[in-house]
Amino acid sequence: MTANATAISGLGAIADRFDHVLLDQWGTLHEGMAVFPAALDCVARLREAGKRILILSNSGKRAGSNQRRLAALGLPPDAYDGVLSSGEVTWRGLHARAQAPFAGLGTSCFLISRDGDHSIVDGTDLAVVSNMRDADFILLGGLDDDAAEPEHWRERLTLAASRRLPMLCANPDLVMFGVAGLIPAPGALAAFYQSLGGTVFFVGKPYPPMFAAALAQLGHPAAQRILVVGDSLDHDIAGGRAAGMLTLLIGSGAHRATLAHARDLPQAIRTAAGTAARMPHWTMDHLTW
């Protein structure tokens, strides 16, 4: 039987259980407007307690871009120990071309990104083409709000699938916060492409390369002394669990519609998680100390 997640009021209650924290970005630290005041205070308290903090994000943009955005939202780079984005891990793989799936993708890509961002290919040997017909693969780094619905891409992706064009998805998130609320994220478009018969390679949470890169960046500490904090059972919790880390679910994020009015919160989380592999060790509503 799957154990219940323990509800806590703040990270201070379990501070003796971990030395390092992998903090999700969207839905945990902010929702695109400003870093939540309680989250800002929590990050400061974590540093005062001697914890190392790595922002672990499924953003398809590179680490530097995420750092600048966090600074603009109120969290300066000196408040934590680094950023590791799936876009950064993807860029490293495409730059090195040393292992699968990066080594066998070809040299021309059709790039789908947010805000026209090209940093995920800058400095690589990739040529970005404007037509999928001329591409060796599709590189999915992000989605603008007005292009988030998978149906928007049906015609082009149906053709790409018929050509057996692989897709490299640098952001596996299924939902993201748009202007009008939760909307499909790149992971949903990648899943749509799979439903059309397309092949997709994923980089980011919950996949092992993301957590292996985080361990390396932290200096390879014991996994059981690392706490993964995020708002997604599919990505943060499942990925942290698979890596042997501790996990905490922020209930006010991606699953808030399911959890907000639950009469029995532990049961609601159990139902949403489904299996022990997606069950958080702890839960709290917002990131607080």
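Author: Buried means under 20% relative accessible area, and exposed means over 50%. The model discussed here is predicted.

Reader: Are D236 and K205 buried or exposed?

Author: D236 and K205 form a salt bridge, with the closest N and O atoms 2.6 Å apart. D236 sits in helix α7 (residues 233-242), while K205 is in the loop between β11 (200-202) and α6 (208-218). The pair therefore has to be judged by the 20% limit on relative accessible area, and by it both D236 and K205 are buried.

Reader: Which residues do salt bridges with shared partners join into one network with K205?

Author: K205 pairs with D236 in a salt bridge. Salt bridges that share partners extend this to a network of K205 with D24 and D236.

Reader: How many residues apart in sequence are the parts tied together by K61 and D115?

Author: The side chains of K61 and D115 meet in a salt bridge of 3.2 Å, N to O. K61 lies in the loop between β3 (52-57) and α2 (63-72), and D115 in the loop between β5 (108-112) and β6 (127-128), so the parts that the pair ties together are apart in sequence by 54 residues.

Reader: Does D115 count as buried or exposed, and what is its relative accessibility?

Author: K61, its partner in the salt bridge, counts as partly exposed at 22% relative accessibility. The cut-off for exposed is over 50%. D115 counts as exposed because its relative accessibility is 56%.

Reader: What is the relative accessible area of R154?

Author: R154 forms a salt bridge with E151, their closest N and O atoms being 2.7 Å apart. R154 is partly exposed, and its relative accessible area is 34%.

Conventions. Residues numbered from 1 in each chain as written. Predicted model: local features only at pLDDT ≥ 70, side-chain atom pairs only at ≥ 80, totals over all residues. Heavy atoms only, no water. Salt bridge = Lys/Arg side-chain N within 4 Å of Asp/Glu carboxyl O. Helix = DSSP H or I, 4+ residues; strand = E, 2+ residues; numbered from the N terminus. Buried < 20%, exposed > 50% of the residue type's maximum accessible area, 1.4 Å probe, protein only.
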